[in-house]
There are 2 protein chains.
Amino acid sequence: MANEKKLVEAITSMEEDFAQWYTDVVKKAELIDYASVRGCMILRPNGYAIWENIQKVLDAKFKETGVENVYMPLLIPESLLQREKDHVEGFAPEVAWVTQGGLEPLTEKLCIRPTSETLFCDFYSNIIQSHRDLPKVYNQWCSVVRWEKTTRPFLRTMEFLWQEGHTAHATAIEAEERTVQMLNIYADFCENYLAIPMVKGRKTDKEKFAGAHATYTIEALMHDGKALQSGTSHNFGDGFAKAFNIQYTDKENKLQYVHQTSWGLTTRIIGAIIMVHGDNSGLVLPPMIAPTQVMVVPIAQHKEGVLDKAYELKKTLESNFRVKVDDSDKSPGWKFSEQEMRGIPVRIELGPKDIEANQAVIVRRDTREKIIVSFDELEVKLDEILKTMQKEMLERARTHRDAHTYVATNFEEFKDTIQNKPGFVKAMWCGDVACEDKIKEETSATSRCMPFEQEEVAKTCVCCGKPAKSMVYWGKAY
Amino acid sequence: MANEKKLVEAITSMEEDFAQWYTDVVKKAELIDYASVRGCMILRPNGYAIWENIQKVLDAKFKETGVENVYMPLLIPESLLQREKDHVEGFAPEVAWVTQGGLEPLTEKLCIRPTSETLFCDFYSNIIQSHRDLPKVYNQWCSVVRWEKTTRPFLRTMEFLWQEGHTAHATAIEAEERTVQMLNIYADFCENYLAIPMVKGRKTDKEKFAGAHATYTIEALMHDGKALQSGTSHNFGDGFAKAFNIQYTDKENKLQYVHQTSWGLTTRIIGAIIMVHGDNSGLVLPPMIAPTQVMVVPIAQHKEGVLDKAYELKKTLESNFRVKVDDSDKSPGWKFSEQEMRGIPVRIELGPKDIEANQAVIVRRDTREKIIVSFDELEVKLDEILKTMQKEMLERARTHRDAHTYVATNFEEFKDTIQNKPGFVKAMWCGDVACEDKIKEETSATSRCMPFEQEEVAKTCVCCGKPAKSMVYWGKAY
Ligand SMILES: [Zn+2]
Ligand SMILES: [Zn+2]
């Protein structure tokens, strides 16, 4: 009982201190541990298993569209990183440099990849000759390193896991289609598997990727009203192709530059899952992505037949569900707290009286609803409950997001909203970076994106009053 | 026709120059490309897909035994690497050092992991307190860097992909059982999936891992008679536990050191697949691991109905086989060469006359055998053919290995065999490292392992003539 209290008490409530609540959940749910290098994290089994499920689903969806996986080297020579001007300016200040190999100093220093555009471009310049070699639609799953000053688990770490797709196409139209196609895959995945609704749109020039013509993004709203950029897809046009001389001969035997894209999604998305769905008892995982969907918790497990029945249920259920039995020597109360902390979507409570009555109690993690189900109906009901939970989690997240999306039509209203109502602010923009800069300086909000679904909420720029060009989502962001 | 010739002519024959043949296959089958950092490789889709299949199978087998996956940081502080004396001596000369992060020099240099024992030990010392926390059976899939002077694709590269398992146990017996269990998983996997027979045994002290009490290994024989160490499993005893202070309280509330193991298998195994099964037309992939098992090659594909039938076959077959249609505008002859170079286990030739006769021609990659099969029987026959091919590939590899395994009972015979008969040499050993050193110096053969299946092929050491302690497999190795 003392122990049970300890586990629950250890979490700060999210209303009291959201940042501390987040850190507590990450640690107590055993998703992450800190490593001996500052800013580096250990992904523990509970955390890594979520990433494995994300990988499995996304990788299959990528491959359906013709993506092939490769592995590129970890190290990039300084001279290669410098080939594209905007790109090197964007990344050089935040990379880790290898200057010594074995016992000897290197003649040219190598950086640990912060991203692999330059490696893919170098590779593509070697293997692309003819229009027959196009398109190339390659992707890799790997880790990258960025030398961050301040770090937070999943959200900003020195090293993180991701996938990075890099493609080369014969035409600009094909590259643009691929850029948008991958953004849609990310958005659909987040909605259907992670139960997180996304705003899809284009980044302003100020916020776009170093070297890109256009960056598209999916933006999510966290429980505390802050935004999280959750995946990006870039159209490079032929900028990198010109810097790296990636040319092909077309059907008329003329030399042409390729058009390129890249797109990535990182372990940061696990931070979004936590901050969209979590509550004061810990993590809440959407059933579609949860490594364990069902925890069977035996009550009075020392009594004859209880554990046997628990194992029997597991055996029946495991062909359709990811199910475990908690047969440890902890008390049921402790097990409940632990299952809740870890965000396992449902638990099945099973005691001697239940067994006698040919039933079990299913408890939903999100609503705490208890549903008594006869053993004969268990599989059907469980499937229903998990599907309902998945659907309702998305609906709740959408309702929360919509309730925290505001409109501002002048700067006073804008400042007041940003300061007092955490959430997205929809407001018009003239297209001038000066207004973006001013907004950031005075409110610390940034332009999140120019959504694909434009609305004319006013005629003039919320900042300068000049005629507006686009409606923009603004917000404070992680 | 000119092009077809070019593709085939480009491979050096293995009898003429085995090393060049190997390099040619690796390049021409598009498994690998060279990157701009010396000694670093790009794993291209054909190469990476083999690794993905290896991962999928092994990962499932690991998990069946209770393995959980994690991800540990890429970077190790110098002070952490130095904690275990033998270990740092083994690895420090061959690591890459990061000395600069962002724009500033680091106060402590960090090495890119050459292996992660020290990180896991540091982690375990934080999370293991009680016997209830044991065992820990963690694994990670990642890349490691070792600053090698000479490199060869897959066999020895600056960076390679692998899995590294790291476990902590309450007792020495449990650690030893886990060490052997994982070695057996590797050996069974290599035999059943890669069709490569393995000699299982223990490394001598000279050849064991830096910091291990005992290293177990699986050793394969390549087509040229050289040995390849294909996977290793180490029992660390409590050496690392003492260096890193990893202790737990046992059931009597006494402090005890844990007993640890580690085990790894790398992309080097792809080199073994190439060198055991390949021939002068290129790669030959065992059906169980081949990314594409069946290539449908339409003949006269411009004729009405041919391509339609090819797609129809693919659709029928793809629920049970990994199948593709080569509908490119290359000639059938070119497609045959390409399918052979890439080692795709079987092709299905399909022309207008075949379609009229309600049949297709299946051609085995390994034997070139042509089998005419009616469409109605295609699935059943294909399954039979692939299974037969898998079985016969293992048998051929075993026959080759056995035919190139010799016995030597005195040093003259030993030297003569090593020099003139490429292969394994079974010979007795006194247990003295001086004899190992002498053998290596005079013959450049090394002790591969002391096999679990011991035979007494003589009474005395093949080198010094003193009483023998073990029978050892010797050989020149990659
Ligand atoms: Zn303006
Ligand atoms: Zn001897």
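I take buried to mean under 20% relative accessible area, exposed over 50%, and partly exposed in between, with a 1.4 Å probe and protein chains only. By that rule I noted A:Val296 as buried, because its relative accessibility is 0%.

Before going on, I recorded that this is a predicted model, in which local features need pLDDT of at least 70 and side-chain atom pairs count only at pLDDT 80 or more, while totals for chains, interfaces and linings use all residues. Residues are numbered from 1 along each chain as its sequence is written, chains are lettered from A and ligands numbered from 1 in the order in which they are written, and side-chain values use heavy atoms, with hydrogens and water left out.

**Around A:Val296.** I placed A:Val296 in strand 15 (residues 294-298) of chain A; strands (E, at least two residues) and helices (H or I, at least four) are DSSP runs numbered from the N terminus. Leaving aside neighbours within four places in sequence, I found A:Val296 in contact with residues including A:Ala310, A:Val323 and A:Ile348, where contact means heavy atoms within 4.5 Å. I also looked up A:Val346, which is 50 residues away along the chain from A:Val296, and the two C-alpha atoms are separated by 8.7 Å.

**Between the chains.** I then turned to the interface, where 50 residues of chain B are in contact with 50 residues of chain A. Together the two chains bury about 4400 Å², 60% of it on carbon and sulfur atoms; buried area is the accessible area (1.4 Å probe) that two parts lose on being put together, summed over both. In chain B, the residues that lose the most area to chain A are B:Pro45, B:Tyr71 and B:Trp147, together 14% of what that side buries.

I counted four salt bridges between chain B and chain A, each a side-chain nitrogen of Lys or Arg within 4 Å of a carboxyl oxygen of Asp or Glu. One of them joins the side chains of B:Lys63 and A:Glu52, at 3.0 Å from N to O.

Strand 5 (residues 96-101) of chain A runs antiparallel to strand 5 of chain B, and five bridges join them; two strands pair if DSSP finds at least two bridges between them. Within this pairing, I noted B:Trp97 as the bridge partner of A:Gln100.

**Backbone.** I found a cis peptide bond between A:Leu134 and A:Pro135, with omega about -10°. A:Pro135 is in the loop between helix 6 (117-127) and strand 7 (136-145) of chain A.
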